[in-house]
Amino acid sequence: MNTFSKKILAILWVAIIAMIGFCGNVVAQEPAQEVLPQQIETLSTGSTESLTDHSRATKFTAQDGQLSFTFPENVAGIYLEWEKVPTSSSILYGKQSKTMPQFLHQYLSIDTPSNQIQLEWTGQGSLCDVYFFTEGALPDWVQAWQPSCEKADFLLFPTHADDEHLWFGGVMPFYAGEKDLAVQVAYMVQHQNEPYRWHEQLDGLWTVGVEHYPIIPQFPDAYCETLEQAKQIYNQQEIIAYQVEQIRRFKPNVIVGQDVHGEYGHGAHQLNTDSLIQAVVMAADASQFPESLSLGTWDTPKTYLHLYPENQIVMDWNQPLERFGGKTAFEMAQMGYACHTSQQGYWFAVKQSGSYDCRKFGLWRSTVGQDTEPDMLQNLPTPTPVPTATPTPTPSPTATPNTAEDSSSIEESSTPSKKNGVVIIIGLAIGIAIVLILKNTIKKGREES
Ligand SMILES: [Zn+2]
């Protein structure tokens, strides 16, 4: 074998070994193990026991908090569940430090596994629980949120935490979970006095496959019997301005809103949709809401409203979904709603029949023609599944201190699409090496003969 062939063979071997190692890492990742700290030290007053009791009801609260954790083995990731997200927070390990994303629930990987980790924050922070993991595949319940979408395929406008499952049914499990599309959820209200609902909200979204952090504005939750009453309680112009901003920011192909009659008549639901049908039109109009014009105008191709009687489609939420181990979109919607434990005592349920059928949507407005089949993406260009968005700043006034996103600090996570890209590149390198070897062998053969 000549020197050229030897060189090529060496390249080939390196590529094959890299690919085997890489695929092994992707396909057969061992489950990550939870590691309990053997020691927790803090400069703040207050007991640290609540941090590892796996209960959101107990909290460790501190102004400018500092916690040092020591472990019996190295840990490779930290998962925090806050009740009040501080102004900023970071972890220190070895000589490295990393800024934590400003999400209520957030996982952060530790690049160099360590048996000593320090967590620091500025401002008032209230931490329910902290979990640590070894390297490996994380349990499903660990939420590694991506920043809100850069550009959304779907933009959903539920009113309260739980409306997204009850009335939109399989939209999230099917389009976000199974199809891996960019699905952004933007609520109308926050549950200012019910912290447990903030957790239920994220748990539910995560369960059904939503990975982009939701937008939760500061409009308070208030019960209103009628649309007129809701207009007395809320400033409708502010709600329309908020919705216009979300539409201009996320530039969705499809918007999904609630029933114009408020599902069961809830005034806030009615106000949400009454505002939305104005916002969809105004978002495309450069003469409206100049305060969000820097985001550009946007004319949303398709807007669906739950139960809207015209141009109605009945979605099929009963197909088994690969992403969820064969469970259907309907079953996943039920599981998402089940995360809202505080709401289970009411009569609400995710239903596929009767007056609140979560399969029925009317195409209220379309710039791309009418549907002829139950497919919310019909007549639209095929979207590309890109689950990871580039971090973008949050325009005011959408985020609350408790749920504010600070995407500037989000670490890049290695997504399947990126991994596939690497596999393709390695595959190409192997292919080129084989062609070069064959060419050289043939050439050599010719020279010898
Ligand atoms: Zn509601």
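**Loops, a buried helix and a helix crossing**

L307 is partly exposed, with 18 other C-beta atoms within 10 Å. The model described here is predicted. In it, L307 sits in the loop that links strand 11 (302-306) to strand 12 (312-314). Most residues other than glycine have a negative phi.

K251 counts as buried, because 20 C-beta neighbours lie inside 10 Å. The cut-off for a buried residue is 20 or more.

The protein chain as a whole contains nine helices and 13 strands. It has 449 residues, of which 42% count as buried. Contacts between residues at least 6 apart in sequence were also examined. Of these, 80% join residues at least 24 apart.

Helix 4 spans residues 195-207 and has 13 residues. From its first C-alpha to its last it reaches 19 Å. That is close to the 18 Å expected at 1.5 Å a residue. Its buried residues are R197, W198, H199, E200, Q201, L202, G204, L205 and T207. The cover over these buried residues includes two strands, strand 6 (105-122) and strand 9 (183-185). It also includes helix 2 (163-166) and helix 8. After helix 4 comes G209, with a positive phi near 95°.

Helix 8 also takes part in a helix crossing. Two packed helices are described by the angle between their axes and the distance between the axes. The axes of helix 3 (residues 171-178) and helix 8 (residues 329-338) come within 7 Å. They cross at roughly 105°. Helix 3 is therefore roughly perpendicular to helix 8. On the side of helix 3, the contact is made by M172, P173, F174 and G177. Helix 8 contributes A329, M332, A333 and G336. By class, six residues of this contact are nonpolar and two are polar. No charged residues take part.

Definitions and conventions:
Residues are numbered from 1 along each chain as its sequence is written. This is a predicted model: local features need pLDDT of at least 70, side-chain atom pairs count only at pLDDT 80 or more; totals for chains, interfaces and linings use all residues. Axes are lines fitted to C-alpha atoms, for helices over the stretch in contact, and angles run from 0 to 180 degrees between N-to-C directions. Helices (H or I, at least four residues) and strands (E, at least two) are DSSP runs, numbered from the N terminus. Angles under 35 degrees count as roughly parallel, over 145 as roughly antiparallel, 65 to 115 as roughly perpendicular and the rest as oblique. Two residues are in contact if their C-beta atoms, placed from the backbone, lie within 7 Å. Ala, Val, Leu, Ile, Met, Phe, Trp, Tyr, Cys and Pro count as nonpolar, Asp, Glu, Lys and Arg as charged, and the others, Gly among them, as polar. A residue is buried if 20 or more other C-beta atoms lie within 10 Å of its own, exposed if 12 or fewer, and partly exposed in between; C-beta atoms are placed from the backbone. The expected span of a helix is 1.5 Å times one less than its number of residues.
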